Amino acid sequence: MFYYLLPAVPCAVKLNGSYVGRAGENYSIIDIDDGLIELLPVNSTYMPVTYLVGKNGLPSASVKDYDLGGGRLLIPVFSRKIFSDFKLIGRRSFTFYSGEVYVTCYAENGIRLICENKWDMHIESILFYPENIYFEKVTAKNAEYLLVFLVGKRTMAVGYRIGEKIDLVFKNVCDTYKLSGNVLALTETKKDVVKHVVTTTWGFENEVVAKNLEINKKRQVYSLTDKLLPYAFFEEIAVKGDVSEYLTLRLKPRAKELVDFLGDFTAVLPPPHFKKQNSVLLLYKDFIKYGEVTTLNGLIDNVSVYDADEI
């Protein structure tokens, strides 16, 4: 059985106790019928993951296991090591209409973000160690909010609606952010074929309202090779962009139908070596599918999707 490994962080790989190599952002392949796979992150802040495969294999919450139709795709889910020593990352107090609110972020047995007043408390676990933390109070006509920005390699934005009760109403990850009054813009730069830059704008009004979605790309469709075009097309769907410019005049009126048909996949990957190499692997939450396109004059004229065992 072929096992494709796709860890989010670089790892040393052991098979039945013996070192067999490294795995990272690109596929690593193991051919084995039974055994214990160990993934040891090079970054020492992550815990190792072990996975027993074959006839004695067992499901694990630490590994997402997908049927490829002739092999398996394993995506490990690494846990952070627990910080035993207490360290205060940031703490502020704010005066709201309902009274004083205190927000604290600290490291001890994990990273915790606590927002509290004399009536209520909300505790949020944070999965990374922030290098910096910033706090902002936002006031709307009939609502008050406290925003927290936890900044590391990326930024997590957390928003609370403040009254006697504290409600977590917003949580999102971005690369950069900009707050203007009660309007928050989050920008994310994708590592995909056309280098999408996705900006979402949110209004903190009587409720939190999605106001705008802007999708730009640094690379144009006409510059893509035939090999890259299918990846860019499916990635455009994944970011909820406009796919019509990828399509021939015949297929363009069916753009929305295509998007609805394909559904919500989270990643576009190369196919395993035992599948058609002109296909792409579409990763959904609990399963995979394979997508194929046919082209005419550099544009897509037909789209086919197959289950794992159909091609």
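Select Ile114 and then Ile123, which is its bridge partner in strand 12. The model that you are viewing is predicted, so that local features need pLDDT of at least 70 and side-chain atom pairs count only at pLDDT 80 or more, while totals for chains, interfaces and linings use all residues. Residues are numbered from 1 along each chain as its sequence is written, and side-chain values use heavy atoms, with hydrogens and water left out.

Strands here are DSSP runs of E with at least two residues, numbered from the N terminus, and two of them pair if DSSP finds at least two bridges between them.

Next, select Cys105 together with Leu113, its bridge partner in strand 11; strand 10 and strand 11 are also antiparallel, with six bridges. Three residues lie between these strands in their hairpin, where Asn109 takes a positive phi near 55 degrees.

Move on to Ser93, whose bridge partner in strand 10 is Tyr102. Strand 9 pairs with strand 10 (residues 99-107) in the antiparallel sense over nine bridges, and a hairpin of two residues joins them.

Finally, display the four strands together: they make an open sheet in the order 9-10-11-12, with antiparallel pairing. Its edges are strand 9 (87-96) and strand 12 (121-126), each of which pairs on one side only. From one strand to the next the twist averages 10 degrees, where axes are lines fitted to C-alpha atoms and angles run from 0 to 180 degrees between N-to-C directions.
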